[in-house]
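I opened the model to look up helix packing and pockets. My entries follow.

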Amino acid sequence: MSVELFNLKGKIALVTGSTHGLGMAMAKAMGKAGATLVVNGNSSQEKIDKALEVYKGEGIHAVGYKFNVADEAQVIEAIAKIESEVGPIDILVNNAGIIKRTPLEEMEVADFRQVIDIDLVSPFIMSKHVVKGMIARKEGKIINICSMMSELGRNTVGAYAAAKGGLKMLTQNMATEWAKHNIQINGIGPGYFATSQTAPIRVDGHPFNEFIVNRTPAAKWGDPDELGGAAIFLASKASDFVNGHVLYVDGGILATIGKPSNEN
């Protein structure tokens, strides 16, 4: 009975930005829990095809669609195509995002707007058009990928923090408006994970590596697979009365102000 609460068999999960990184890690977890995956990317069809081979190699049923999540016309067309060719979308994970590391006083307005468009406006666009089917069916799950920057600031990531802080509040407002339709809308806030993007700084002696290990109570970077449980929980019946919540998977960073570098 308890295991069945986490079973995603028969569910269709659309995960944006799921050709690599943490998006792929969460998608894999849901696929292994039984969901049919709809993989999204926008950089190239080749990248989508390579990702589908990875999923297939792990025994996961996945299909891919290339479209820009920040372009409403493309989103409307893609959702209609997905629901016609694959089936109704039961689970939406708004994972696609970018970051531009620039001090605010040096950042171009166009760059600031691009981050806001992809990291905050696109989850609104995606959810707005996917939720219509969920409302009609009286069930659904939406997971917005937030960040520790939904709670904290950090040098050079002002646009990203503004977007992720906004996404936390958008998540709460989606729950406020849509929970009555038996739709659960929650967020996941990842901490620092060992991905290909962080590999260059995850080396002994690198100042940022030492900072993260020292700053995290778990004293390590997260393994991408450690994000999968949160995704399965929020996508499954196990979370049917959880709404408007952001689940931080950060090894305890947000629970502490840290410790001096010379403290054990």
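In which hand does α1 pass α7? I found a right-handed crossing of α1 past α7; the rule is that a crossing is left-handed if the near helix is turned anticlockwise from the far one by less than a right angle, and right-handed if clockwise.

I note that this is a predicted model, in which local features need pLDDT of at least 70 and side-chain atom pairs count only at pLDDT 80 or more, while totals for chains, interfaces and linings use all residues. Residues are numbered from 1 along each chain as its sequence is written, and side-chain values use heavy atoms, with hydrogens and water left out.

Entry on α1 and α7. I looked up helix α1 (residues 21-32) against helix α7 (residues 228-235) and read an angle of about 55 degrees, with the axes 8 Å apart. That makes α1 oblique to α7 (under 35 degrees is roughly parallel, over 145 roughly antiparallel, 65 to 115 roughly perpendicular, the rest oblique). Axes are lines fitted to C-alpha atoms, for helices over the stretch in contact, and angles run from 0 to 180 degrees between N-to-C directions. Helices (H or I, at least four residues) and strands (E, at least two) are DSSP runs, numbered from the N terminus.

I then listed the contact (heavy atoms within 4.5 Å): Met26, Ala29 and Met30 of α1 meet Gly228, Ala231, Ile232 and Ala235 of α7. By class, I have six nonpolar, one polar and no charged residues there (Ala, Val, Leu, Ile, Met, Phe, Trp, Tyr, Cys and Pro are nonpolar, Asp, Glu, Lys and Arg charged, the others, Gly among them, polar).

Entry on α3 and α4. For helix α3 (residues 72-85) and helix α4 (residues 109-137) I read about 35 degrees, with the axes 8 Å apart. The crossing of α3 past α4 is right-handed. On the α3 side the contact includes Glu72 and Glu83, and on the α4 side Lys128 and Arg137 are among the residues. I classed the contact of α3 with α4 as six nonpolar, one polar and four charged residues.

Entry on the largest pocket. I noted a volume of about 1300 Å³ for the largest pocket. Of its 42 lining residues, Gly97, Ile98, Ile99, Tyr160 and Gln197 are the closest to the centre (a pocket is an open set of points on a 1 Å grid where a 1.4 Å probe fits, with protein on both sides within 12 Å along at least five of seven lines; lining residues have an atom within 4 Å of a point). Helix α1 gives the largest share of this lining, three residues.

Technical notes. Points joined across faces, edges and corners; volume = space filled by probe spheres on them.
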